[in-house]
Amino acid sequence: MTGTINFPNLGIHLENVGQFISVFGFEIAYYGIIIGLGILSGILLAAYLAKKHGMNPDVVYDIAIYAVFFAVVGARLYYVAFSWDSYKDNLLSIFNLREGGLAIYGAVLAAVLTVFIYTKIKKISFWKFVDVASPALILGQILGRWGNFFNREAFGEYTDGLFAMQLPIDAVRRSDVTEQMLRHMEVIDGIRYIQVHPTFLYESLWNLAVFAIMLWWMKYKKFDGEIFLMYLFGYGVGRFWIEGLRTDQLQIGSTGIAVSQMLALVLVVLSGVLIIVKTRKVNKQQRKNKDR
């Protein structure tokens, strides 16, 4: 398998892009390293924001112990549940995370549920906490998506657009390759390449924009939970669009409906409605106070 990854329309040609680094003879996947860096960066940012906004940063570290664990479990269960045919004949493969197979929405749902339970037990404001945690969460996603780059996964259909990415067909899962990709396949120096949308890159850049807006808006927020709802809305809009490009969608049975795309749509609608309702409520209360 060749390690070449090309972005021909940008004039970028990367040679020997590996998937593992060897440490004392033990192979460590770049995917895992990058996910780990994303988690660590997110925790540190959440602790910083908590302190900045008058919260005890130690709470972040305490919650992170549980949230990270259950996020990984949730990400794996979500992926396995909607890819059951790939695991039903070899149940032990469910525990093999070295080849990827984590779904971010599963991680988000599990982490939010964990935070909700923890804050209720410790009598901490859930909405205040998720406001400082959500920028940290999307920062982890920005970094984590680059694990897909090294794994040659999470890409979209054939494209000849500016950001088109060429991957050796032998380096990707056959199930992710479509007939359209095969029709446009190129042979360069004897190596067969498919050319695809780098959806991992799209999502990373989209999340970066959402992240910047969330940080900027924190000083203007009108109610607790607003930043978290902005995350659900902003990330959901991007995910709905980008998921439609991907060829490795997790689908609801044989319906052909992408589960993450539908979940994104539901969360966009719910968060959008809540932002409007809560903002109107705050504005109404401010007008009342002004009239007194």
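1. Y30 is partly exposed, with a relative accessible area of 25%. Here buried means under 20% relative accessible area, exposed over 50%, and partly exposed in between (1.4 Å probe, protein chains only). The model is predicted: local features need pLDDT of at least 70, side-chain atom pairs count only at pLDDT 80 or more, and totals for chains, interfaces and linings use all residues. Residues are numbered from 1 along each chain as its sequence is written, and side-chain values use heavy atoms, with hydrogens and water left out.

2. The search of the whole structure finds 19 aromatic pairs. Rings of Phe, Tyr and Trp (its six-membered ring) pair if their centres lie within 6.5 Å; planes under 30 degrees apart count as stacked, over 60 as edge-to-face and the rest as tilted. With ring centres 4.9 Å apart and planes at 35 degrees, Y30 and F150 form a tilted pair. Because Y30 lies in helix α1 (residues 30–52) and F150 in helix α5 (residues 146–151), the pair ties together parts that are 120 residues apart in sequence. Helices (H or I, at least four residues) are DSSP runs, numbered from the N terminus.

3. Y30 and F150 also belong to one aromatic cluster, together with W146, F149 and F200.

4. The rings of F116 and F126 have centres 5.4 Å apart and planes at 80 degrees, so this pair is edge-to-face. F116 is in helix α3 (residues 104–122) and F126 in helix α4 (residues 126–144), 10 residues apart. F116 is partly exposed, at 37% relative accessible area, whereas F126 is buried, at 10%.

Conventions:
Helices (H or I, at least four residues) and strands (E, at least two) are DSSP runs, numbered from the N terminus.
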